Amino acid sequence: MNSSLQVVLKSVTKYYDARTRALNDVSLCISEGEWLSIIGPSGSGKTTLLNLICGLDNPTSGSIRICGTDLTSLDQKLLTKFRRENIGLIFQQYHLVPYLSALENVMIAQYFNKAVDEGTATKALEHVGLEHRLEHRPSQLSGGEQQRVCIARALINEPKMIVADEPTGNLDAANGAIVMNILGKLHSEGRTLILVTHNMAIANQGERIVKVVDGRIVADSHTEPEGRNLLEMKIPVVTQQDGQ
Amino acid sequence: MFLRILTKSFSNRKSRVAIAVIAVLMGASIAGGLLTVTHGIEEKLGAEFRRFGSNIVVTPRSDTIEVGLPGISFGSVAEQRYISENDLSKIKMINNWNANVLGYAPFLYQVVEAKHVDNYQRVVLAGTYFDREIPEVPWGDRVWSTGIRRTAPYWQIDGEWIEDGDSEGTIAGVSVAEKLDLKPGDYIEVTYQNPVSGATATAHLRVVGIVTTGGLEDSQLFVSLPVAQKISDRPNKVHSVQVSGLCISCPAELIAQEIELKLPYVQAKSVKQLVTAEAQIMGQLGQLMVLIAIAVLGASGLCVMMTTTTTVVERRKEIGLMKSIGADNRKIASIFVVESIIVGIIGGVLGYLLGNLIARYIGVSVFGTSLSPVVSVLPVTLGVSLFVTILASVLPVRNATRIEPAVVLRGE
């Protein structure tokens with residue numbers, strides 16, 4: 001694991017409105033090439049934390065520095081640019097454009113970033129085992145295949161960091177295993193991987209686990225004396241998408 | 001990739017696109033149709049106005065002489081001058097607006113004594129052209145003709161018109177016919193006495209028709225110009241010329257000015273009242289058409305805006321996704337704006353075609369005339385359609401660019 005810090009959150013607080021505090025004074029550092037699993041019950045603030053890390057949302061207070069860039073100093077236009085150049089996003093609901101083919105769903109991320117290259121997009125889909133599904137629309141693909149398209153799209157711009165929100169949340173065990181296998185390979189290639197999950201077995205595939213409860217990080221395997229004792233944390237088993 | 005997104009997005013939302021295209025088509029067809037009607041009717045109306053008479057009067061310039069006693073003016077007298085008949089064809093051959101000169105009719109007047117059986121009446125005898133061929137005027141492979149049948153088609157004739165070569169035919173005004181008890185086929189004797197020399201000339205004329213105009217013509221006799229010139233021994237001379245100018249794209253004053261340039265010894269005056277009324281009616285017609293078109297286009301614009309807004313709402317997740325993976329506002333906006341432009345172009349072209357059918361129907365059913373498609377209306381219809389669709393998409397596009405990806409992706 002590379003020890004240089006890639007993500008630095010300092011005293012980050014997020015309010016959605018005056019009465020809804022999603023995150024409360026969260027500080028977190030993630031090193032380059034690290035695989036961090038974020039666990040916690042529904043509504044604990046996991047997805048909010050993820051959205052702040054990838055620049056989809058702004059904190060109410062505190063600072064967020066990713067790859068040396070202070071995200072809180074960027075306007076929406078620069079945040080969008082930062083996101084497309086540095087972060088690959090994987091969603092629990094896949095979020096594919098329904099009228100585009102698998103190949104076009106990957107190419108669209110290229111189009112928003114730089115020149116479109118159909119050959120590279122095809123290779124990205126081959127990389128996730130979908131070379132036979134290039135022209136299929138999302139409605140013609142299984143959940144696992146859609147998630148793999150989503151992964152290929154996240155990889156196409158060669159981001160420094162992959163951020164995945166419950167990537168296996170909607171998949172059966174077999175497809176979940178395939179997806180996790182691909183994510184494991186990506187991590188082994190040196191990419192930083194931040195993954196939100198309810199599933200402790202999946203969380204344990206990472207190098208580090210943090211637990212979020214009520215908007216706070218209550219445990220971090222990196223700093224806990226018991227190290228991997230986080231395995232024993234009581235995490236409610238929720239199969240639906242995190243309420244955040 | 002942009003084209004792929006557009007085409008697939010369109011084919012995925014055929015019904016929405018169809019609604020937007022129909023909305024634009026309706027507005028564009030009404031606007032285009034009314035524009036075609038306005039254009040066509042202005043021309044037809046202009047020609048119809050011409051049916052009510054000429055709108056330019058040409059007379060010779062004459063010097064006026066003040067008369068009276070020292071310190072007391074009794075008015076003025078003018079020396080009688082004439083226009084040479086040989087110069088008349090130049091009226092049709094003015095430099096710029098010659099195509100707008102629909103016709104002219106010269107007049108030579110004299111007071112004669114008319115006799116029919118035992119009835120006598122002093123009347124004005126007017127010599128004119130009825131439908132005279134003018135070979136001097138270049139008119140393709142045909143011969144241009146002019147005369148009172150062109151400049152005053154509103155004349156109601158009981159009987160027949162006079163042929164220009166007819167040396168004994170006359171048309172009597174309805175008042176003259178009543179006083180002399182005339183009917184078509186009767187013969188009358190007219191006698192002219194030269195006021196200077198006292199010499200008299202007599203001609204026997206056959207009444208071919210009785211004219212009713214409601215004007216001065218009802219008290220006059222009309223003959224071919226050569227007949228009048230012969231009776232009064234004034235060959236090649238006319239007193240005045242009435243010119244009928246088509247004044248849609250030019251004021252009658254410009255035609256009058258050109259005639260004066262061509263014939264420096266005459267003065268040409270437009271009949272202001274007629275021209276002003278004509279312009280006023282056409283202006284009001286145009287305003288009415290514009291108001292209707294604006295109202296219909298406004299409704300179309302609202303429909304397009306509602307459709308686009310619904311589309312943006314339906315595609316919130318897609319927009320949120322695109323923004324989350326790096327699409328900036330410019331690219332999001334370009335998708336919707338270009339979609340609107342395509343809708344505007346399709347709706348505009350179809351609207352132009354439908355507008356032609358509407359114009360044809362209105363022309364036949366309301367104005368009793370068939371209106372041809374006007375090609376110059378197409379770019380106007382297209383431009384208006386594009387303006388309306390782009391304007392209607394401004395608000396929805398602004399809403400699209402304001403979508404927060406984090407909010408829509410978490411399902412709120």
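A residue is called buried if 20 or more other C-beta atoms lie within 10 Å of its own, exposed if 12 or fewer do, and partly exposed in between, with the C-beta atoms placed from the backbone. The model is a predicted one, in which local features need pLDDT of at least 70 and side-chain atom pairs count only at pLDDT 80 or more, while totals for chains, interfaces and linings use all residues. Residues are numbered from 1 along each chain as its sequence is written, and chains are lettered from A and ligands numbered from 1 in the order in which they are written.

Chain B has 12 helices and 16 strands; helices (H or I, at least four residues) and strands (E, at least two) are DSSP runs, numbered from the N terminus. Two residues are in contact if their C-beta atoms, placed from the backbone, lie within 7 Å, and of the contacts in chain B with a separation of 6 or more, 78% join residues 24 or more positions apart.

One helix of chain B deserves a careful look. Helix H9(B), residues 316–324, is mostly covered, since 7 of its 9 residues are buried, and these buried residues include B:Ile319, B:Leu321 and B:Met322. What covers them includes H2, strand E6 (87–90) and H3 of chain A, together with H10, H11 and helix H12 (405–409) of chain B. Just after H9(B), B:Gly326 takes a positive phi of about 115 degrees.

The axes of H10(B), residues 329–365, and H11(B), residues 377–401, come within 7 Å and cross at roughly 150 degrees, where axes are lines fitted to C-alpha atoms, for helices over the stretch in contact, and angles run from 0 to 180 degrees between N-to-C directions. Angles under 35 degrees count as roughly parallel, over 145 as roughly antiparallel, 65 to 115 as roughly perpendicular and the rest as oblique, and H10(B) and H11(B) are therefore roughly antiparallel to each other. The residues of their contact divide into 17 nonpolar, 12 polar and no charged; Ala, Val, Leu, Ile, Met, Phe, Trp, Tyr, Cys and Pro count as nonpolar, Asp, Glu, Lys and Arg as charged, and the others, Gly among them, as polar.

The contact between the two chains takes 24 residues from chain A and 20 residues from chain B. On the side of chain A that touches chain B, helices H1 (46–53), H2 (76–86) and H3 (102–113) each supply at least two residues, and the largest share, 7 residues, comes from H3(A). By class, this side of chain A has 12 nonpolar, 6 polar and 6 charged residues.

Chain A also holds an open sheet of 6 strands in the order E6-E7-E8-E3-E9-E10, with mixed pairing, where two strands pair if DSSP finds at least two bridges between them. The edge strands, E6(A) and E10(A) (216–220), each pair on one side only.
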